[in-house]
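Here is a short report on one protein model. Look at the structure first, then read on.

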Amino acid sequence: MEELMSKWEEILTTFKEQHDIPDVSFKTWIVPIQPYSVDGDNITLVYCNKKDQSSSSADLGISYIEKKYLSLLEATTSEVLNRICHLRLISDAEKKKEETRKTSNSSNNIAIQNLNPAYVFDTFVIGNNNNLAHAASLAVAETPGQVYNPLFIYGGVGLGKTHLMQAIAHYIIDNDPSKKVLYVTSETFTNELIESVKTNKNSEFRNKYRNIDVLLIDDIQFIIGKESTQEEFFHTFNALYQDGKQIVISSDRPPKEMETLSDRLRTRFESGLPVDIQIPTYETKMAIINKKAETLKIDLPNDVKDYVATNIKSSIRELEGALTKLSAFSRLSHTPMTVEFAETTLKDLISPDSKKEITPEYIIQIVSEHTHVSADDIISKKRSAGIAYARQIVMYLCREMTSAPLQAIGSALGGRDHTTVIHGISKMQEEVANNPQTKETVDILIKKINPD
Ligand SMILES: Nc1ncnc2c1ncn2[C@@H]1O[C@H](COP(=O)(O)OP(=O)(O)OP(=O)(O)O)[C@@H](O)[C@H]1O
């Protein structure tokens, strides 16, 4: 956010010059736009026209700006910040609503901060592959604790489990803001448990997890094999279940295939409704592409849509990644969107039959997604603790998971020399040996990078 605030003036001036915007239009439409929040590459801006605050005119203003200026402003922002950004524009009234929601939720101790505002039922495309999971999720959202408890959603990577879980959370909170809804990943659950044991705050931990109405735990597969975490989760589960509280769990596989899960936990998981999400069909992929193209405001010719739907095989995350890349590259390079352009731009994503090669660049991408530190920051010269930590994890994983020489690791990380890389690797080796939370994070990253 700081970076964006400090560069906002420059972005607007560049934008005005680049597109030769007349003064009066600039003052009316562009000056009232202010940065509101940054989440990775997603930037939310607020349109705040002080002269006229009626909501209908704000909506009109926003839809006009979206049509006429937003994609151009997105390109300029990406250029000035030197990374691909996505802009979302909201009205002042929407901003106030988001703020009220945040404060009322934080005063209720609800982990709304963990929720992605885009993961709601409205943006979820229903297809043959996910209609049962969608219907069950909606039923749970409408009547938490009363049907399908626990709801267990499983399926391969990037198919929409997190999206559905968070849609349930949003729906419940929107309907009744007094409901205490907690969405966490099983990694957070484990880390908080470790921390509570270390600092003797076990009762705080229990209070947090048992004094709620709805618990949603994402990616539960990461607790298998961890006995004390499973044990604590079992007790949490029982306490909530006995009080009629809703539990929603997601996993990359069904309970019966979670080999080292304790039997009593498996029985609990199977006692509700296990529903799966399958790989999407061509038709569902097309529907998702159409919806995303509309949201991203990109004009995709039908043959390009068909190319993407046919060639991106298994994950909707990859499908989205492909669209974002196409849209950004075509805008930045002013190249028309054709199948040839898509073939060249997406060649890394669409590699025929070969398994994804593990490269330092791929490791940077996964570490960036997981730690919420942008890839640009990881390779930058910045030294703040969070960025340096993410960077050292990258160095360590490159050493462990690729055969890339130290020089190559250094150059993927913005041209660092090999002594810096050696230093980073040995610091991280020490961390992994001494800090169970870092070990946990590194283990999960290894599974994400190489799921087999
Ligand atoms: N049916 C759908 N409609 C619209 N968007 C979808 C749909 N399914 C998935 N997506 C989008 O695809 C991306 C990946 O989905 P999500 O993170 O929910 O997958 P996941 O199954 O939880 O993956 P993982 O196993 O890696 O945690 C998200 O941006 C999500 O919004």
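## A negative patch

Helix H12 (302–311) and helix H14 (339–345) each supply at least two residues of a negative patch. This is a predicted model.

Take Asp306 as an example. Asp306 is found in helix H12. Its relative accessible area is 34%, so Asp306 is partly exposed.

## The largest nonpolar core

The largest nonpolar core has 28 residues. Ile363, Val367, Ile378, Val394, Leu397, Leu413 and Ile449 have the most contacts inside it.

At least two residues come from each of helix H15 (360–371), helix H17 (385–401), helix H18 (406–412), helix H19 (418–434) and helix H20 (436–449). H17 gives the most, with nine residues.

## A cis peptide bond

The peptide bond from Asn149 to Pro150 is cis. Its omega is near 0 degrees. Pro150 sits in the loop between helix H5 (131–142) and strand E4 (151–155).

## Positive phi in two loops

Asn200 is not a glycine, yet it has a positive phi of about 60 degrees. Asn200 is found in the loop between helix H7 (186–198) and helix H8 (202–210). Is Asn200 buried or exposed? Its relative accessibility is 74%, so Asn200 counts as exposed.

His372 is a residue other than glycine with a positive phi, near 60 degrees. The loop between H15 and helix H16 (375–379) holds His372. His372 has 64% relative accessibility, so it counts as exposed.

Technical notes: Residues are numbered from 1 along each chain as its sequence is written. This is a predicted model: local features need pLDDT of at least 70, side-chain atom pairs count only at pLDDT 80 or more; totals for chains, interfaces and linings use all residues. Side-chain values use heavy atoms; hydrogens and water are left out. Helices (H or I, at least four residues) and strands (E, at least two) are DSSP runs, numbered from the N terminus. Buried means under 20% relative accessible area, exposed over 50%, partly exposed in between (1.4 Å probe, protein chains only). A nonpolar core is a set of buried Ala, Val, Leu, Ile, Met, Phe, Trp, Tyr and Cys residues joined through side-chain atoms within 4.5 Å.
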